[in-house]
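Please read them alongside the sequence and coordinates.

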Amino acid sequence: MKLPFADRSADRSHKKAGVRGSARFKLTWAIWFLVAIHAVVVLAGFFAPYNYETQDREHPYAAPTKIHFVDCAGKFHLRPFVYATRNDDGSVIGYNEDCSQPAKVGIFVHGDEYSIVGVHSTRHLFGVQSPASIFLMGTDGFGRDQFSRLLYGGQVSLFAGFVAASFSALVGLLLGGIAGMYGGRVDDIAMRLAEIFITVPWFYFLIAVRAFLPLQISPVVAFLLVIAVIGVVGWGRPARLVRGVVLSARERNFVLAARGFGASNSYLLRRHLMPLTFRVMLTQMAVLIPQFILAEVILSFLGLGVGEPFPSWGNMLARAQQYNVLVSYWWMLLPGLAPVPVFLAYHSLAETLQERIKSNI
Amino acid sequence: MTSGNPGFSKSEEFLRVSSLSMDYHAANGDVIHALHNVDLKIGAGESVGVLGESGSGKSSLAQTLLHLLPGNGQIVSGRVDYQGRNLAKLTAQQLRKIRGGEIALISQEPALALNPVLSLGRQLADVLKTHSNLSHDEVLLRCGKILRDVGFPDTERVMRAYPHELSGGQRQRVAIAQALICGPKLLIADEPLSALDTATQADILELLQNLKRELGLAMIFITHNAGMLSTLADEILVMRNGAVTAHGSLNELQDSADEYVQRVLFPEKNLLSAPHKTSTAAADEKSLLQVRNLSKRFVQRRMLSRKKFAVQSLEEVSFNLKKGSTVAVIGRSGSGKSTLARCIAGFEMPDSGKILLEGQQEYRQRDVQMIFQDAATSLNPRFTARQIIAEPMEIARWKTEVDRTARTLELMEEVGLDAAWALRLPVEFSGGQRQRLALARALAAEPKLLILDEAFSGFDLPLQAQMMRLLMELQSRHGLTYLYISHDLNFISLFAEEVIVMDAGRIVERTVPANLAHSAVPATCELVEASEKLHVPGVEATV
Amino acid sequence: MRFRALARIVCFFLWCVSMLAGAQAQEELLRTTSEAGNRGGNLVIAQRSEPRTFNPVTAVDQNSFGVNARMQADLIHINRVTQKTEPALAKSWTASKDGTQFTVKLRQGLKFSDGAPFDADDVLFSFKVYLDEAVHSPQRDLLIIGGKPMVVQKVDEYTVRFIFSAPYSAAERVFDSLAMLPRHLLEKDYQEGKINQAWALNTPPDKIAGLGAFRLKQVIPGERVLLERNPNYWKIDAKGQRLPYLDQLTFVVVPSQDAQVIRFQAGDSQIISGLSAENYAVLEPEQQTRHFKLYDAGPGLEYNFLMFNLNDDTEGRLPEVVRKQKWFRDVRFRQAVSAAIDRGAIVRLVYRNRGVGLATHVSPGNRAWYDAAVAVPVRSLDKARELLKTAGFSWKDGNTLVDSSGQPVEFTILVSSSNTQRGQIATLVQEDLKAIGIAAHVVPMEGRSANDRVLNSHDYEAIVMGLVSGDADPTPDMNVLMSNAQTHLWHLNEKSPATPWEAEIDQLMQKQLVTLDYQKRKKIYDRVQEVLAQQLPVVYLASPDILVGAQEDLGNFRPAIIEQYTFWNADELFWHTPAGRH
Amino acid sequence: MIRYLARRIGHAFLLLFGVSILLFLMFQAAPGDFLSEIRLNEQISPQTVAHLRAQYGLDQPMPVRYWKWLKSTAKGELGYSFAYNTPAAELLWPRARNTLLLSVPALLLSWLIAVPLGVLAAGWKGNWADRLFSGGTSVLLALPDVLIALLALLIALKTGRFPVGGMTSVSAQDQDNWARLRDLAWHMVLPVAALVIGSVAIILRHVRASVREVLESTYMRAAEGHGLSQRKILFGYALPAAANPLISLFGLSVAFLLSVSLLVEVVMSWPGMGPLLLEAILARDLFLVIGAVMFSTLFLIGGNLLADVLLYVFDPRIRRQA
């Protein structure tokens, strides 16, 4: 498993850069957007009209439901509504609206049961009465609502990106910190090891890990473990970065000064060097998270992603990457757009953080 | 320049700044008024000195004149007219014609003003090519000439060289050549000497004086050292907090009653009134520090090469330091004085020789504290002032948290910092205040010896004087011992009672400051001569 | 009968040839009955990967088989469409009354593609190689009948006798796809013990020869393999033209299934097989505009099933599995699961109605042996609940199935992540089982890891799997159905039949092996299917149709449900118009 | 210089050694082996499988197999592929060549696009073009490589102007060299484009960041003060100064591009190492996998060495030290 490189060294910088007011705005925007998106995803049960595994076997590959204001008779309604659809022509897919069965789009309606941190509820932000259904982004081959799955899928994908990035960052921080601090042979060994870890394709390893996990654990947990493993073995790049920062920080005068007060190595690591790398690592995280979200797509393509029936952005997109889906059901590609705003937010977060580091040093 | 306003042809007054105000927008949303209603007029061949403490808006003025503001700067009001044309109204294209072509700028740090990866010849030629359409050969010819003018005998070599291969002074010469190569009518020199060592400063100053005389340049010379302006400036502007507080010739200003003007003109006055410690120094003749035959050489291995070569840094250095005294170690950069300091402070292991503190070879490292040149890098940017000062006590596990905080506040008061600022981060302090913080931290370790490693060389003279005064006060109060390392002689006679001159890793002279001027040792003479050229106070006072 | 008719044609032909060729060694050619076509042209076939080897002795994968079978010929061949045997290199054969002796007459005067003559010595050599234990040819297992290797004797230059240690009902079918090797090229390698390394991809084409319709022309590694017509091929058409029609056969490597479809659409490859129903639906509307035709050859021999782990955990490593086997071993539980599964939905959603639900492993595609009397179960939750109730299960908290000891019924369904369709089946099964209160969890796993669990560690609870019958004959299925068989997947290493019905199946399968009469055999096999549908050692689910396509210009294109679905009769394929001959 | 080279080669060997050992260990850990697929074939007996296993050496302990592999590698074979029964190196050479044929132009093209565009973008700070740039690169980064390759194929199919995958046409092989070269180039267009689209965004962002950092430095302000034109400042002054980290990135991008090309090759049926490696991984064809990884590691090392040489050429600070 190779991940795109992330070697922006943030430690090179000379002067306080003119950080503009807009940077602050960008940062606030990015953070709020990310908070909002994570909130929606965590509360997916409420925002999604259906459960992620509810199959509507009469409606596989249904296109996004049309939301009407004008009915078949040409009358205008203030409140939006949808028509129930039927498969008339005997082919497996291809639906017609049934003008005799309108259903108003309701707010705070009852539907599938869900639970958010132990609280059970059946109330959804919006929905329609059966037999009509509302599929904002159409359905997949099992007739499952893509929009609902997208929201639930975010739980896996965003979390996975975060978990993997944290693990990489953490291990990288530790090993890179030690390498930078002690230098010499330790440094040499750690960096050679990092090189090896960067080079090896982790596919086998992931297969092995996945295969060794007990069957009984849920696919989501299993997947998160796999992702964590990727994170752990992905320590090479962050470690190199941290090492660089520590190496240069070790020569900084305030570290020297602390030595002058008789500080021990561990004190220096704990009080001066690690906090210094912390922010660099934070930036690195903002760079890594999107990469790991994307890595999940590749994993799903290779069949190592999160298992059915659980949705993730990766496995939804992996499905849309099949030729027949791509040419026949354009709405299956919609989940592919979901990461874009998230990426944008993370990227601007990383960028502004980077600038802050520069202006602070 | 035919596109100017034909109605306006007062050629004599070719640069006019009228009530110029400029703001910076800081990242945290604050607005800083960097310039406030500045007026300035320069006629052809005239030169104006701009004098002021750091932060008084001198450099902002230089940048604003050429419309070279950083992204967060903004001209609020006023205008700059160059030969009757409002610079703000010019297109980017026209502005570029003026920059470098007619108004040239020499900026502060020569090391950073040249592109590190391009050859000097190219950087020089590019400026000329931009502003003229000379043939390649002519360009080379002109480059060679200007390099000779700024004092390079071997122009060929310089043209091929890269910035890192030259010394700081040489780089500044190239930067000057770059500014002059197009034959500008006005030269703006923004603290062109502050980052150089004294001897080089003197050289460059002489060069500028010659150029001014020979080329008849108009010049705006920005500095904090009034001594330099005596020969260079026809008129002096004194700036404070972005505004002009006084202007006139040097003589006129000397008689000014304004306390600020006096301070920037005669910073040494601050020291003359400092408390003296003769009593304590005399009382204790005991040696605090003994340095015996100290040698240290650095072995370097260059990348891509197997050759090793040694750089001799210290050779057989021996001296004693009396308790409660202040000894200055001076020398050009590279003379080994910093290595000496680092060896004593315990940051480097000497190859041979002994360092004894109170007769002990195994002294505690914390008994010798060092104040670094750049306070910004010696303070952890993420610590608050309180954390910074408390750190030595914390490491030593000195008493309780409460005691430590109390002591911290005490120390802050002692070095002249408001204890209310205890929770601020280093970035929120000015350069001088940061150095005070570093001082407070060093005092917290209760050192026996304090090494000041070029501790004030980045500061303007009034501030240097202020810091020295503080140190003298502390010394008289606590009987501290100072080892003051410096490349210049500023205020040395007022501050130190003994001077050690180093050159090429050896001590070449040891004397009292008063005798420096009569020294026969070449290295000493060079330093003294340079100081005299710069009219540095302190030395002047001894002569 | 058919055989006689063929023999007559051959005799007639022999006569013709002998008249023409005079005293020359008479070539006994085979005259085909299919439409006579035009010579010339090239046919491009896309494959997932290049052949691994040109060596028929070591080849194990379909990509190698597909190419090698075009260059090699067998004694007796199974017609992929009729699923019956027909003469190939063997002109005729006779079986002894007891079915243990089999005498084959070879066509005379045939030549390998390099011009060397073919006779009984080549046949003897080939069987020596295949049967040699040191060679480990995968084909060897087929040639062991009644526990002993067959004995091959040369009767004369063109007659060979095969002796089995026991009567063998499917004897003729054994010879299918068993390439007859050129002794003159391979004997040296064989004697030096290097037969396995012979005929690799980098072997020069002139060192490789066979009796097939084509011979090797060029290999471009990773890209394509080119075959050219074999001038010495032993078939002629009704008009007396020597086959094959095509000048060249090109196998291009297209690793991704989707890319194969796109290639076919673009006309870059001219036949496509193994289409998924979804890709079929994509191609369908373009048949007119892009001038190709799609075929639904009907259900193939692949059968997908839900299998419970019934292995004996002798070492006590898998307590969890053992606990759940209390359910799995109960036939009523398996029947209830079977009744709860909506096979119609699988066929509709996964196969887009291009497939069939199954009651047993025999799909309707196996025309000779499918027992239509065994009904495919229709989903009935009531029946499922009924069965579970009688087996002592009950429901708790509304809809959670619990066993007699109050444990909730919950298990994992393993599925290979490399097969999308099986993954989809598993998802549907999971949802279906939820309706009767069973919490099934799908665990996708990389193919070989999943296999490893089934075959070696036995650490799984249930799995959705698929197997492909090797032939339309019951005999190969013995390896799966016999309780002591090696591929008796749900209960490996079963020492003796654990239940009476298993004993019955063992007995029936043994019986069909030695019964030579088709009707009697069919009756026996019908009974096997009845028992399987009743006892459900595994829950049979569905069989996909074999979906293929070809340029409409291609003549004699007759897709089959046995492997190489589309180009098994490459020797007869031809281009109707010169435009098609690229 | 010699010492430096020797050290680099030493590191390279260490790297190859470490990678191969790790792969062996992982292979050992992953359940199933090359023969477990055959085991499902109902017509092949377990005895035969056992024999084959012995023949392939799969029954031997790992250290023995590793030692054998080392010996085979010393002979330049890199072990025998189970599936192909030939030395892995023989299979890999032509594939490696094809992969390079694809990734080298893609690498150059990516940089040729990314450098000017990234430098320009560095000058755009804060305006709409800058926002468009950020958005555009984020979209590109979010696009999975497989999707890009599939879309490229779809374009080829719909327009009919480009070949839908493969490296050469069947019809071109009998033509003269010139026609064959044209045919090859024509086949390269789409895969190279897919690779470029897949990799250019990340390079762009790095170029922009590096140049932007340099633009804030004093010497850039000074260059501006000398009245140099915007173009000269960006390309003549900022770019060379920002080159150092970018050149290191250039070395790294070799590895990145190789991993992208793996999937693109599979989808576009390019006969490179990608399809072979994927097939070998899934088939547990150990030596083929190790061989392929060794090759790509070599490319990676090559890329880094190239970066070192470029640094030496472009950065006077390093050059003069030598």
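**Notes on the predicted model**

1. Setting aside neighbours within four places in sequence, A:Phe108 has contacts with A:Arg123 and A:Leu125. A:Phe108 itself sits in strand S4 of chain A, which covers residues 106-116.

2. Is A:Phe108 buried or exposed? A:Phe108 counts as exposed because 10 C-beta neighbours lie inside 10 Å, where the cut-off for exposed is 12 or fewer. As for distance within the chain, A:Gly177 is 69 residues away from A:Phe108 in sequence, and their C-alpha atoms are 52 Å apart.

3. Helix H3 of chain D (residues 62-74) deserves a paragraph. H3(D) has 13 residues and spans 18 Å from its first C-alpha to its last, close to the 18 Å expected at 1.5 Å a residue. Its buried residues include D:Arg65, D:Trp69 and D:Thr73. Viewed down the axis of H3(D), the buried residues fall within an arc of 80 degrees, so they line one face of the helix. An α-helix has 3.6 residues a turn, so residues three or four places apart point the same way.

4. What do the buried residues of H3(D) pack against? Their partner is helix H11 (286-314) of chain D. The face of H3(D) turned away from the buried side carries exposed residues: D:Pro63, D:Val64, D:Trp67, D:Leu70, D:Lys71 and D:Ala74. Just after H3(D), D:Gly76 has a positive phi of about 85 degrees.

5. The mean pLDDT of chain B is 81, with 90% of its residues at 70 or more. Within chain B, confidence is highest in strand S17 (residues 481-486), at a mean of 91, and lowest in helix H22 (residues 539-542), at 46.

6. Two stretches of chain B call for caution. Residues 1-11 of chain B stay under 50 in pLDDT, and the model gives them 9 contacts beyond four places in sequence. Residues 279-283 of chain B are also below 50, with 5 contacts in the model beyond near neighbours in sequence. Where pLDDT is low, the predicted coordinates should not be read in detail.

Key. Residues are numbered from 1 along each chain as its sequence is written. Chains are lettered from A and ligands numbered from 1 in the order in which they are written. This is a predicted model: local features need pLDDT of at least 70, side-chain atom pairs count only at pLDDT 80 or more; totals for chains, interfaces and linings use all residues. pLDDT is the predictor's confidence in each residue, from 0 to 100. Helices (H or I, at least four residues) and strands (E, at least two) are DSSP runs, numbered from the N terminus. Two residues are in contact if their C-beta atoms, placed from the backbone, lie within 7 Å. A residue is buried if 20 or more other C-beta atoms lie within 10 Å of its own, exposed if 12 or fewer, and partly exposed in between; C-beta atoms are placed from the backbone. The expected span of a helix is 1.5 Å times one less than its number of residues. The arc is that of the directions from the helix axis to the C-beta atoms.
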